[in-house]
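Open the viewer and get ready to select residues. Each stop tells you what to pick and what is there.

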Amino acid sequence: MRRRLEILAALTMFLCGGYAHASGGALEVAMPVQMEIFGIPFNFNHDTIMMCAVVAVLIYLVCWLWMRGLSKGNPGRGQVVLEMVVGAFDDLVKQSLGPNRGRKYLPYIGTLFLFIWTCNMIGMIPIHHQLIGTESFEDYNHNGAYDPGEPFTDANGNGRQDPGFKMAGFEEPTKDINVPLGMALLFVLLIGHGSHIRYHGLKAYLLDYFSPGGIIGCAMFFLNVVGKFAEVVSISFRLFGNIFGGAVIIAVVSGLLHYIIMPIGLYGFFGVFVGTVQAFVFTMLALTYISMGAAEEGA
Amino acid sequence: MDHGMSQAIIKAAALLGAGICMGFGAIGPGVGEGFAAGKACEGISRRPEEYSTLFRTMLIGQAVSESTGIYSLVIALLLYSV
């Protein structure tokens, strides 16, 4: 049962992560995957879904390689590092949730941090997007400019008819608002509010919206609802804005300086430093929101 | 007024709004983060052995207080793409 719930949650997050709102402008989707679910047309962002999958597989592979040959008596160098990281998160979660429930929530929190951190770092791998299965296709348009993006046909009917399969370029999936929003919905709504209902009961959860109680509580109802809503918005937009803004600044400033040396420093600050700090902040805030409903007595 | 002119005015107003949004939105986080860094400096000079805790707390606080600036950045980018 629990396993099935986890799979359902992961699937929800995956779909939330890729859902591309059909808006124009800067947030426009390069190659949306169109689907109809219950008759409602959905656009899914091809690049974001693919990069989420790449990140997930990457985490799985690295953890699997790292986990091989762990031993109790004779820990290697890798195992010591791993134990330090896991121990730090264990302490963190135990401090805010209490020793018993903390252990239960540790996998979620650790996975969240790993996923966001890897998402933020993956933009630094310099792999451009590639088209696979485009045998008779011309990647140069009639002006001679490199144009792998859209299918075109010239007056004689030659040229690319079918874009084939597009392997996404390595960009941060967190640069798309839908990924942070999906994670915020999953962790704040599903896990946070869900564990509040589970440990305190539905009645206590609903009464929490009238939090001071009495007449003042009724007046505060809308404020509490907006407060709960703002949690999701603020946590997701913080991550999205930092990563997206960092990517824009890296692109603009690197272009101004003709890509001489400076991009290394920019990637060091906006990629490594801001990415790590924001991953940690997202994790800490998710933990704080979860601990509002799930903390043990006296923890 | 013809259509192109009104489109141009809308574009100009959106760009102006993006600039104003970013300019005013950057004041708050700048002041706040500087204040947090200053207080952390005082704390470190008072208790240098607590450096790592103070630094970590300062960074998290700054990242949280930065979010208003980030919101204005998001709105500026949305306005830019009008």
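Is Ile261(A) buried or exposed? Select Ile261(A) and show its surface: the residue is exposed, with a relative accessible area of 67%. Keep in mind that this is a predicted model. Ile261(A) sits in the loop between H7 and H8 of chain A. Check its backbone too. Its phi is positive, about 55°, although Ile261(A) is not a glycine.

Next, select His258(A). This residue also lies in the loop between helix H7 (214-256) and H8 of chain A. Phi of His258(A) is near 55°, a positive value in a residue other than glycine. His258(A) is exposed, with a relative accessible area of 62%.

Now move on to a pair of helices. Two packed helices are described by the angle between their axes and the distance between the axes. Select residues 178-200 of chain A for helix H5, and residues 262-294 of chain A for helix H8. Their axes come within 7 Å and cross at roughly 20°. Angles under 35 degrees count as roughly parallel, so H5(A) is roughly parallel to H8(A). Look at the handedness as well: H5(A) passes H8(A) in a right-handed crossing.

Last stop: the contact itself. On H5(A), show side chains including Met183(A), Phe187(A), Ile191(A) and Tyr199(A). On H8(A), the residues they meet as a group include Phe282(A), Ala286(A), Tyr289(A) and Ile290(A). How do the residues of this contact divide into nonpolar, polar and charged? In the contact of H5(A) with H8(A), 12 are nonpolar, five are polar and none is charged.

Note on methods
Residues are numbered from 1 along each chain as its sequence is written. Chains are lettered from A and ligands numbered from 1 in the order in which they are written. This is a predicted model: local features need pLDDT of at least 70, side-chain atom pairs count only at pLDDT 80 or more; totals for chains, interfaces and linings use all residues. Side-chain values use heavy atoms; hydrogens and water are left out. Axes are lines fitted to C-alpha atoms, for helices over the stretch in contact, and angles run from 0 to 180 degrees between N-to-C directions. Helices (H or I, at least four residues) and strands (E, at least two) are DSSP runs, numbered from the N terminus. Angles under 35 degrees count as roughly parallel, over 145 as roughly antiparallel, 65 to 115 as roughly perpendicular and the rest as oblique. A crossing is left-handed if the near helix is turned anticlockwise from the far one by less than a right angle, and right-handed if clockwise. Contact means heavy atoms within 4.5 Å. Ala, Val, Leu, Ile, Met, Phe, Trp, Tyr, Cys and Pro count as nonpolar, Asp, Glu, Lys and Arg as charged, and the others, Gly among them, as polar. Buried means under 20% relative accessible area, exposed over 50%, partly exposed in between (1.4 Å probe, protein chains only).
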